[in-house]
Amino acid sequence: MTAPLVGAVGVIGAGAVGQSVAMLLAAGGWCESVRIVSRTGLSAQALVTDLEDMCQVTASSVRAVHVTDAGQLVSCEAVVVCPRGDFTNTARTDIRMAGLNANAPVIVGLARKLAHYQGLVVMVTNPVDVLTRLFAEVSGCPRVYGVGSNTDTARYRLALAQVLRVPVEDVEGHVIGEHGDQAVVCASATRVNGRPVEVPVGQIHRELADRPARINAGLGRTRCGPAGAVIAALRAGLGLDDTVVELSVNHERRWMGIPLRFTAGRPTVCLPRLDAAEARQLVAADDKLRDAYEPLARLHVPVRPSWKEKTAVTRTATHIATAAQAVTVTSNTPVVTEWALRYFGPWWNAASTTADDGPQVIADVNPARVTEIAQHIADHAHDEAVYANSTMHIDRDDDGTVAASQPDDKLVYRAEPDGGPLRIYGCEDVPIALAAARLAREVVRGKLLADGWSILHASAVVRDGRTVLTLGDKGAGKTTTALLLARAGWQLLANDRVFIRREDNRLRVLPWPSAAAIGLGLLDALDWYDQVRERVQRGEQLHPTQHQKVTDALHSGSRTPLWNESGKELKPQFFPDQLHSWLGLTLVTEGHAARILFPKITPGTEPALLDEDRSVGADDFFTAGTEDRYPDVFGLLPADLPGTQPLLELLGDLPRNVLALGHDVKANTDFLAQVTGPTA
C-alpha cells in the first residue's frame, strides 16, 4: 500500500460541503487521516461512522477521527473551514452575502481557537471573500485561502463551452473578484483553442446565478462543486499538484478571488489582463467587499488603518537627486515612497523627506479617481500608445493638460502643463509604485537631457573614480563583463546604460537606475543561482516585471535559459538594492570614463585581445526614436537633445580594446583584470 502523502487534514463543519469534502479526502487516499469537528458533535460522530463504513468497503487507509474541539486541529497540515450559522436565507439577490451576520461570529470564534496556526486554511463558509479575510486577520494565520472563484471559473468554462459548442478543455478563462453577484467574468482575456472569442457576458452571468439555484432547488445545498474546489485548493497548497487555482487571498491589501499559480505549494499571482469595463467591475467588487468587512473589523479585529483612513494619515515622501537634478515622490501609502527609496537609493541619492518642494510625482491609492479619469478619457476622442508594454489611452486638453489611463494595470495619470505635478492614481499599491518609479526617473531624465547629458548604451564599473565602459550589440557581453569585474573588486555603476556628459576635458558618467536582468545561465556560471533560488523559495520577491516562467524555473531548480516567442531571453529581474544584498556587489553613484571595452563572447574561445578597431558611434546612444518602450506621453523630455559629436571625440581618445571571451568564468575574470588593471 502506498504511504499517504500528507498527515492529517481537519474539517470544521459536517454539513453538505463538509460531508462531501471528508468523503473525497477519505476516498482519495493521499492523507493519513481526516479529523472532523462540528458544533454539536453529533453530526461529526455520525459522519465519522459513515466514513469508517466507506473506508472499509473501499479498502481506503484513511482514518476518520472525531475531534471535540477545533483547537485540537493545530497539528493538522491543513484545515477546511465550512460551518454554517443558524439562519434562514430568504434573499433573492446577494444570496451569499445574506449569511454574513450569522456566520461571522462562528468564524471569529474558530479563528481565535486556531490563532497563529501555521498550516494551510481553506475557507468555504459564505460570504467567502469577507470571511476569509476575517479569519485571517483575527487568527493571524499566514496561509488562508477562500474557495468560490474556482467554482465560478469551472461553471464559466462549462457554460461557455456549451454556448460555443466546443469541448470544455479548449476553453481558457477566469472569473475573479467576489464570489457573488459582482463576480467579474474576464471575457477580454478568454481564449478558445488559444484564440480570442466573443463572450455573451450577460448570458454567462445569468447562468452563473442560475446554476447554483438549480442545484439548491433539487438538493437543498450545493456540495460537490465546492467540495471539488476545496480538494483542488488543498492539493495545490500542500504541494501535491502544480496548477492554477482561483482563490480568495490577500493580494496587495485586497481580498478577493484571483488566479494563483502553485509550484511546490508556493503561490504566485497570475492575474489575467482586464479591459476598462472589467477593471471598473473589479474596483466595484473590491469596494463592496471592503464595505461589508469594515464593520466586522471594528468589532473583532485589532485597530489598524483601513484604506478609507489613508487620507488622514501623514503623507510620505522620497526625494531623489543626481547631478543637481531632482524630483520628489509623495503618496498616501508608504509602499510607493519606500519603493522609490529602494529603487533609486543605491544609484541616485534618494532619501525620505517631509518636504514637498521641487518637481512632484504624486502617486496615490484612489480607486474612485481611477474610475473617474478612465471614464472621462473613454467618453472622449483619445489617442492610444503602448507604454511599458501596456496599452495607454491619452487625452490632451487645449490648456496642455494630459490625462491617460492604462486599463490593464488599473492606473490613470494627470500631467499639468508647464512643469506642474504629475499625478498617478491606482487601485493597488505595487502597480502605483512601479509607475511612480518609472515616471520619477523620466522626470529626472528629462532634466538631465536638458542640462546636456546623453544616454549611452553601455555597462559600467568604477574603481577609484575611473570608469570602464563596455559597449556592444545585444548579447555581446556587456552585462557579463560588468558583473565579472564587479565580482573582482570593481564597483558596479550600470549594467545596460549610463548618462554621460563632457565636463572640462573629462567624461562624467552617471547610472541609469533600473531592474537588473541576469540570465539563468549567467547566474549559474557566476555561482549565484543557488543562493537566489533559496531566497525565492523562502518567499522573497524579485522585481515584479520578471516573467512567471522565470519564477517557476527558480522554484523548480531549472538552470536552462528561457526564451519568449520573439526570441528574447527571459531573465531574473533584480531590484538595484538586491545586487548588493543578494549578490554582494558594491554599487557606486558616478565616475569618469577611462577605458572602453568591446567584448565578443563565443563558447569555447580562449580570452584574448582581437586585432580589430572598433570605436563608439552614434548608434551606441539612445535617442527619442530608439526609446520605444517609454514614449514621451507627458512631455517630460526636451524637444532638442544634445548632440553627441563632442562626446564621440572624447570617447575616441580613450584607450579601447576589442576582446574575445569564452564561457570560462575564471579565465575571463583573470583576463579582464589584466586588460583593465595597468592603464585604467
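## Basis of the model

A residue is called buried when its relative accessible area is under 20%, exposed when over 50%, and partly exposed in between, the area being computed with a 1.4 Å probe on protein chains only. By that definition Tyr413, at 0% relative accessibility, counts as buried.

The model is predicted, so local features need pLDDT of at least 70 and side-chain atom pairs count only at pLDDT 80 or more, while totals for chains, interfaces and linings use all residues. Residues are numbered from 1 along each chain as its sequence is written, and side-chain values use heavy atoms, with hydrogens and water left out.

## Aromatic pairs

Rings of Phe, Tyr and Trp (its six-membered ring) pair if their centres lie within 6.5 Å, with planes under 30 degrees apart counted as stacked, over 60 as edge-to-face and the rest as tilted. A search of the whole structure on this basis finds 9 aromatic pairs. One of them joins Trp339 and Phe575, whose ring centres are 5.0 Å apart and whose planes stand at 70 degrees, so the pair is edge-to-face. The two residues are 236 apart in the chain, Trp339 lying in helix α9 (residues 334-344) and Phe575 in the loop between β33 (573-574) and α16 (576-581); helices (H or I, at least four residues) and strands (E, at least two) are DSSP runs, numbered from the N terminus. Trp339 is buried at a relative accessible area of 12%, and Phe575 is buried at 3%.

The rings of Tyr413 and Phe634 have centres 5.4 Å apart and planes at 45 degrees, so this pair is tilted. Tyr413 belongs to strand β22 (residues 411-415), whereas Phe634 sits in the loop between β36 (621-622) and α17 (645-653), 221 residues apart. Phe634 is buried, with a relative accessible area of 9%. Ring pairs also link Tyr343, Phe344, Trp348, Phe499 and Trp512 into a cluster.

## Charges over rings

## Salt bridges

Side chains of opposite charge can pair when their charged atoms come close. Here a salt bridge is a side-chain nitrogen of Lys or Arg within 4 Å of a carboxyl oxygen of Asp or Glu, and the count by this rule comes to 29. In the salt bridge between Lys113 and Asp69, the closest N and O atoms are 2.9 Å apart. This pair links distant parts of the chain, with Lys113 in helix α3 (residues 100-113) and Asp69 in the loop between β3 (63-66) and β4 (78-81), 44 residues apart. Lys113 is partly exposed at 44% relative accessibility, as is Asp69 at 29%.

Lys288 and Glu178 form a salt bridge with closest N and O atoms 3.0 Å apart, which joins helix α8 (residues 276-300), holding Lys288, to the loop between β8 (175-177) and β9 (183-185), holding Glu178, across 110 residues. Both Lys288 and Glu178 are buried. Asp524 and Arg559 also form a salt bridge, with 2.8 Å between the closest N and O atoms; Asp524 lies in helix α13 (residues 520-525) and Arg559 in the loop between α15 (548-556) and β31 (562-563), so the pair ties together parts that are 35 residues apart in sequence. Asp524 is partly exposed at 30%, and Arg559 is partly exposed at 33%. A network of salt bridges links Asp451, Arg501, Glu503, Arg508 and Glu590.

Two strands pair if DSSP finds at least two bridges between them. Three strands form an open antiparallel sheet in the order β7-β10-β11. Strands β7 (171-172) and β11 (195-196) stand at the edges with a single partner strand each, so one side of each is left without a neighbour in the sheet. The antiparallel pairing of β7 with β10 (residues 191-192) runs over 2 bridges, and Glu172 stands opposite Arg191 in β10.

Helix α4 (residues 128-139) has 12 residues and reaches 16 Å from its first C-alpha to its last, close to the 16 Å expected at 1.5 Å a residue, where the expected span is 1.5 Å times one less than the number of residues. The helix is mostly covered, 11 of its 12 residues being buried, among them Val128, Leu131, Arg133 and Phe135. Just after α4, Gly140 takes a positive phi of about 75 degrees.

Gln360, in strand β18 (residues 360-365), is buried at 12% relative accessibility. With contact meaning heavy atoms within 4.5 Å, Gln360 touches Val327, Thr328, Thr330, Pro421 and Leu422, not counting residues up to four places away in sequence.
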